[in-house]
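Trainee: I would like to learn how to read helix packing and a chain interface in a model. Please take the general idea and then the case at hand.

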Amino acid sequence: MKPAPFDYAAPNSIEEAVALLARHDGAARPIAGGQSLMSVLAFRLAAPALLVDLGRIPGLDAITIGADGVTLGARVRWRDIEKDGRLSGAHPLLAAAIAHVAHYQIRNRGTVGGSLAHADPAAEMPGIAVVCGAEITIVGARGERTVAAGEFFTGALATVLDTDELIVAVRLPPWPAGRRWGFEEFARRRGDFALAGIAAFYDTDAAGRARDVRIGVIGATNRPCRLPAAEAALEGRIVDDTAIAAAAAATRASVDPPDDLHAPAAYRRALAATLLERALARARR
Amino acid sequence: MTSRRTNTYIGAAIERFEDLRFLRGRGIYVDDVPHATTLHAAILRSSVAHGLIRVLDATEARRRPGVVAVITAAEIGPVPVIPIRLAAWPSLEPFVQPVIAADRVRFVGEPIAVVVADTAARAEDALEAIALEIEPLPVVADRDASAAGAILLFPGAASNRAITYEGRKGDAAAAFRSADYTRREHFSVQRHTAIHMEPRGIMAEWDRIWGRLTIWGASKVPYPNRKILAGQIGVDPALIDMIENDAGGGFGVRGEFYPEDFLIPFAARHVGRAVKWIEDRREHLIAANHAREVECTLEIACRRDGRILAFRGHARADLGAYVRTNGVMGPRNVAQILSGPYDVANIEMDVELLLTNKTPAGTYRAPGRFEADFFRERLIEMAARDLGIDRIAFRRMNLVPTTAMPYALATINPLESTTHCDSGDFRQTLDRCLAEFDWATKSRLSGADREGRRHGVAVSCYIEGGASGPREDARLILEPDGTLSVHVGSSSVGQGVETIFAQIAADALGVPIERLRSVRHGSTGLVTEGFGAYSSRSTVMGGSAVLDAAAKLEAQIRARAAARFGCAPDAVLLRDGTAIGPDLAAIDYAALAGDGLVADGTFLNERRTHSYGAHAAHVSVDPRTGHVAVHDYVAVEDVGRIINPETLHGQTVGAIVQGLGGALLEHLVYDGEGQLLTGSLADYLMPTASDFPVIRGVALEEHPSPVNPLGAKGAGEGGIIPVGGVIANAVADALAAEGVQPTALPLSPPRVWALVEAARNGRK
Ligand SMILES: Cc1cc2nc3c(=O)[nH]c(=O)nc-3n(C[C@H](O)[C@H](O)[C@H](O)COP(=O)(O)OP(=O)(O)OC[C@H]3O[C@@H](n4cnc5c(N)ncnc54)[C@H](O)[C@@H]3O)c2cc1C
């Protein structure tokens, strides 16, 4: 249980890192916190010839809060998010969701960019990025591009990233004051990847009706996604027990989880609906 | 003149001597043993569950950098098999494991080749250069396929059935015919095992000149393992030294004779150098013993008033691909321990041991007992409910009364093995447990809904067999400087035996514990023979042998002192490490030691101790997620005599946490192709330190064991035994309104949720 031999480079700039990745043509992998990649290497599920450590590249670890929302550099760690007192106001959903990620030791190393690139279907950061409509900034040998989070994830552990591309940042759109939200997940043990999780939020109009409803699910599908049917069940309505029940029914009907080692599909489907009810109950309080 | 001694150390919460070493990072585990020139081994294991080896070519691997040798069956010659250590029986012989696969593999993880290289990393890298082709055979994936026998694991054997044990007592058939009430249920416990923090490891060195083998990392049963190895490798046992190092947990799994226990010493002799192998976590999960996979159809027969008349049942154990050293013990115990602490006159319990293409099974803390207690306590709970009898009254009425001691359990055939509960008052621990738990208050929560979570409570009773014979040896040495050393054949797997034996020796000799300079254990060469650390036996057996050695050493000291004083030996008073003569002259032991005095003691015993107790739990269940939370857990046990309440408490709490792991989390899951799906600790869920914070343990010593001079009873396993049953009963209590009846472990959220759904939909 140790990685196959590899070379190691720690470049000082994004350009240099990208050049190294490009030169190795798929045989090199970036490494950030290593909390996902190292176990992949130890099990020899991957055997890259070169690891490109992003740890020395300046400017990737900033959390910027501005008129255009919250921008997280790729090397921002879970711990940085937890410690940043501004976020509970600037993006309470992000702060609440990230509080569920892993354990202390892992939170000290695991990064936003690593989580997005790794694309675990149950990971919180990808789920928040998708439900919030985040934009992911990517730099590659052919320059920079921005991809909507909803288009970034293509399957379990699969994204649109090319082998010579790096995530540099993710921007979550601004979070209006007074927005109602809830985040609920269920994991076997504290810090485990969730069996399912739901992030829900909406704004309210003058009449108290839900507007711009967003509901996202993690863990119950092969990649994080929104649940348009559940959103539609709430859009323009007062979020009461009836509306919540309708949204839960829509969730049950539209989530199509796989059967796997940890839970049968029927369980995850019901769990997603339960968590949605609980997230909405929290949101309307 | 004999002095009456007051015990000062036995019973005191002496801090573990071991802790200073461990807490300062000074423990020496096998991987820490200093050795400048050792080579490192890595093992190629089958990734196919059942198949024929068609190509095995290590030519390329031998050319890899740093590689010194690659060992396959071809280098070994005739491949030795690993004999059965416990409950050997002719029908088991065909199913024993060869130390390496020569032409056929039977489980994922079976060793095929050993690479020896200058570093562990290079050894592992070279594994990939071994050309290996395995032609797959159809896989015996479960007990049904095994029993059907269409595919045989051993073509030479008539079936995949190793043996069927029969637990027999009275006349169950007659009791069932005349019973007012009967109920039959099917239960199952999942495959899981001990994941000790430090994985297994071995270092072996061959001394060419003297023809000696030295093996570090010995544990649990060094003496029997030495005998096995000696036979396999053709070296006189007297020329093999097994050295016990610090061990990070054993729980029954560490220290049995595994293929590596041959392969690494063989490799050392083959290359003429020291060779070290340290198991990694993935290897541990596929190669070390699995345990507990038993299912059981169980019937109970009662009188209308709740008196249990009989148990009758048929269990099937999934033993995996081979019968290992102690593989039969869990299933065997199911047949014997089924009735637990209850007075049941008629028992007919058959346990079939079936082979499948999975990792072979062995013992894990309280083998068979955890399983049997789950089956029994669930069925008792159902019966009490059916009969409208309070479940505590039901249990109390059926507990073996003190007047019935010693009380015989079922006889196990064909072994004709019998055992007895030695002593005790089972009602006392039940009542104490209820009081500690505050049953009167907490039971009012039964079924209550608090913010969507449903609460439930349960209590279960159990017995724990300990102190396996046949014997243990100990040596006490009065060193020339007047300090004392203890050597025992019992082993340490991290349970604190150094402290325990020091306490026992200091009390027995009436000396301050500071006089005990060293307590050495386990390694061969310390005493002539030793039997090891399993079955809650180290303290009782080793401790009793220490008492015997102490009496003999005292006699020697007394004789020397008497010669100095010119008086009769029994006129000498021994106190605090000083001999006092009739005229009150005093001589320190140091002045009597000369070049050192040595006394060998032994303790022979075939009668087992049975400690016993009761556990109570308060849980809550979220019926919508299936999550079970443990809010309170109380364990009360009577261990006959408490040597050290601190280490005992550690055993209890640790065992309960492991039991909660088995009840709620841990599961070794296989697919239909014999692939282990839970091959890392991300998927095999262990309890973590923060999962179950509320555990309370109370130990009593009201009823010393009559079968050993200490009066102590084995206490290493009790904590785990009732956990599965008590948690499942508490869940049933919480969900009684729906009529949810858990019959299988673990109570994972999806399983609990499915039970609730099925009950609500009126399905079964
Ligand atoms: C026990 C345990 C529990 C965990 N529980 C959770 C949990 O509950 N929720 C959760 O979300 N996560 C969990 N994780 C995962 C953890 O959060 C990871 O740290 C994270 O997913 C990956 O971040 P990293 O910085 O460690 O990435 P690395 O492991 O370094 O890399 C992961 C992948 O991303 C690539 N990569 C890294 N950075 C970039 C970049 N800037 N651009 C392009 N590609 C990049 C790497 O090449 C690799 O493929 C857990 C991990 C462990 C070990």
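Trainee: At what angle do the axes of H10 and H11 of chain B cross?

Mentor: Axes are lines fitted to C-alpha atoms, for helices over the stretch in contact, with angles from 0 to 180 degrees between N-to-C directions. Helices are DSSP runs (H or I, at least four residues), numbered from the N terminus. In this predicted model, H10 (residues 329-337) and H11 (residues 369-387) of chain B come within 8 Å and cross at roughly 40°. That makes H10(B) oblique to H11(B), the class left after under 35 degrees (roughly parallel), over 145 (roughly antiparallel) and 65 to 115 (roughly perpendicular).

Trainee: Which residues of H10(B) and H11(B) meet?

Mentor: Contact means heavy atoms within 4.5 Å. B:Asn333, B:Val334 and B:Ile337 of H10(B) meet B:Arg369, B:Glu371, B:Ala372, B:Phe375 and B:Arg376 of H11(B).

Trainee: How much area do chain B and chain A bury between them?

Mentor: Interface size is often given as the accessible area lost when the parts come together. Here the two chains bury about 2,300 Å² (1.4 Å probe, summed over both), with 57% of it on carbon and sulfur atoms. On the chain B side, B:Arg624, B:Pro750 and B:Trp753 lose the most area, together 25% of what that side buries. In contact are 28 residues of chain B and 24 of chain A.

Trainee: How many salt bridges are counted between chain B and chain A?

Mentor: The count is six, each a side-chain nitrogen of Lys or Arg within 4 Å of a carboxyl oxygen of Asp or Glu. One of them joins A:Arg44 to B:Glu128, with the closest N and O atoms 3.1 Å apart.

Trainee: Which conventions apply?

Mentor: Residues are numbered from 1 along each chain as its sequence is written, and chains are lettered from A, and ligands numbered from 1, in the order in which they are written. Local features need pLDDT of at least 70 and side-chain atom pairs pLDDT 80 or more, while totals for chains, interfaces and linings use all residues; side-chain values use heavy atoms, leaving out hydrogens and water.

Note on methods. Helix = DSSP H or I, 4+ residues; strand = E, 2+ residues; numbered from the N terminus.
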